[in-house]
Amino acid sequence: MNAEALRALEVECAQRHAEFCKAGLALDLTRGKPAADQLDLASHLDGALQGDYRSEDGTDTRNYGGLRGIVEARRLGAALLGAPLAQVMAGGNSSLTLMYLFVETAHLFGLGDQGPWRDDAAGAPKVLCPVPGYDRHFAICEQLGIEMVNVPMLATGPDMDAVEAAVRDDPSIRAIWCVPKYSNPTGCVYDEATVARFAGLPKLAAPGFRILWDNAYAVHDLEPDPPHLAELFSLAKQAGTEDGVVMFGSTSKVTFAGAGVAFMAASTPVLGAFEQRLGALMIGPDKVNQLRHAKLFPDMEALTSHMRRHAAIIQPKFEAVQEALEAGLAGTGFATWTRPRGGYFVSVDTLPGLAREVIRLAADAGVKLTPAGATFPYGRDPEDRNIRLAPTFPPLADVRRAMEVFINCVRLASARASLQENS
Ligand SMILES: Cc1ncc(COP(=O)(O)O)c(C=O)c1O
């Protein structure tokens, strides 16, 4: 765009922006959570038990005990995570809690024959973080004082050349965070070659290295013919690296976000060591809720058809985001963005140095966006360009309106920055 065209664009966008600012909007694209009509899809959880609290092996789920969870819930977790039933635990309502506890246990207490990370002779522990990524993973490391090291995300998954080189060169790297399907926030699904390289990764790393495989969006497909994620557990078994794989997932965005069931899968010794620590914290999980979930989803078919109903609600919102991005930014060179086939987010990269400014402009116009830097460890996006959009929670009309404002903010900030650069 030449200077004259940029000046005209700046004037036009500034005028629109002033109008948006006067309109008194109060819109929010920050919340990666299900909308109320999605939660309604699982309202028959209420009453699913009809007074029968016995699990299939006769356990009275109302009572204490059963740290590993009831078998029918674990079966659901096994199907969701692609792991053998014997190696799956069904827990409380949050997989994030299991992740926190796992990392904390590895760091402070050690797992099985592996001593605590904090005492490791190789030095202060580090964790690899594919970026952009999930802020709450980063918060776990930050809170525990574990250093984070960025590795770039590609369209195929994390840059495996960088990952392999890092673990080979530095024995103080103890783990890597992964969201292998519909990654938060890019929506990337790790391709087969990437998953195969992950299966071999623990062999290149120092002993006790863990792949933290957070499959939070395992069944959250937007399309009827979804992409396939290769099964890491079976590949790791073949490679003899099972101890290096720890999987997490939950029904948070399947049933009730605040009252779902979380799952974890690991090798027999690793799960056993983790369970020992868990035993000091609780006598057993909420097995009543586990049983309700197992009744709702007796098999994968029931789960898949439930998720199709979620897709019918949120797919139009994702489409609205794509339409707005295409109509307002395609061909401008002002931004690139992802087109996820599932999950909860769309990731937008502005021109370098503009994410913070776009978010500030949007806030002035009454549209809340996830803070700049949130998708990077320590809240620091080195290029200040990544913005995470979360379209599931607001009604469709609000998503459309918020996107009009957002697009205008990107165009305005980009026009101003380009003019300044040219001056
Ligand atoms: C990648 C990822 N993992 C985990 C969670 C939270 O999971 P849970 O509700 O099971 O704690 C989220 C929620 O946004 C997420 O995006």
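## A walk from the ligand outwards

The ligand takes up the space of the largest pocket. A pocket here is found on a 1 Å grid over the protein atoms alone, as an open set of points with protein on both sides within 12 Å along at least five of seven lines. A molecule sits in one if more than half of its atoms lie within 2 Å of its grid points.

Before going further, some housekeeping. This is a predicted model, where local features need pLDDT of at least 70 and side-chain atom pairs count only at pLDDT 80 or more, while totals for chains, interfaces and linings use all residues. Residues are numbered from 1 along each chain as its sequence is written, and side-chain values use heavy atoms, with hydrogens and water left out.

So what surrounds the ligand? The shell has 13 residues, and the closest are Ser-95, Asp-214, Tyr-217, Ser-252 and Lys-253; a residue counts as near if one of its heavy atoms lies within 4 Å of the molecule. By type, the shell splits into six nonpolar, five polar and two charged residues. Helices (H or I, at least four residues) and strands (E, at least two) are DSSP runs, numbered from the N terminus.

Now zoom in on the oxygen atoms of the ligand. One is 2.6 Å from an N or O atom in the side chain of Tyr-217. For Ser-95, the distance from a side-chain N or O atom to a ligand oxygen is 2.7 Å, and for a polar side-chain atom of Ser-94 it is 2.8 Å. On its own the ligand exposes 400 Å², and the protein buries 88% of that; such areas come from the Shrake-Rupley method with a 1.4 Å probe.

Stay with helix 4 for a moment, as Tyr-100 is found there. Tyr-100 is partly exposed at 24% relative accessibility, with buried meaning under 20%, exposed over 50% and partly exposed in between (1.4 Å probe, protein chains only). Tyr-100 and Cys-141 are 41 residues apart in sequence, yet their C-alpha atoms are 8.6 Å apart in space.

Next, some backbone details in the loops. Which peptide bonds are cis? One of them runs from Val-131 to Pro-132, with omega near 0°; Pro-132 lies in the loop between strand 3 (126–131) and helix 5 (135–144). Another cis bond runs from Asn-184 to Pro-185, with omega near 10°, and Pro-185 sits in the loop between strand 6 (173–178) and helix 7 (192–204).

Tyr-182 is also in the loop between strand 6 and helix 7. Its phi is near 50°, a positive value in a residue other than glycine, and Tyr-182 is buried at 0% relative accessible area. Asp-384 has a positive phi too, near 45°. You'll find Asp-384 in the loop between strand 12 (367–368) and strand 13 (386–389), buried at 15% relative accessibility.

Last stop: strand 1 (residues 27–28), which holds Asp-28. Asp-28 is buried, with a relative accessible area of 14%. Its side chain makes a polar contact of 2.6 Å with that of Thr-30 and one of 3.3 Å with that of Arg-31. A polar contact is a pair of N or O atoms within 3.5 Å; within protein, one must be able to donate a hydrogen and the other to accept it, and residues adjacent in sequence count only if both atoms are side-chain atoms.

Methods:
On a 1 Å grid over the protein atoms alone, a cavity is a set of points where a 1.4 Å probe fits but cannot get out, and a pocket is an open set with protein on both sides within 12 Å along at least five of seven lines; lining residues have an atom within 4 Å of a point. Ala, Val, Leu, Ile, Met, Phe, Trp, Tyr, Cys and Pro count as nonpolar, Asp, Glu, Lys and Arg as charged, and the others, Gly among them, as polar.
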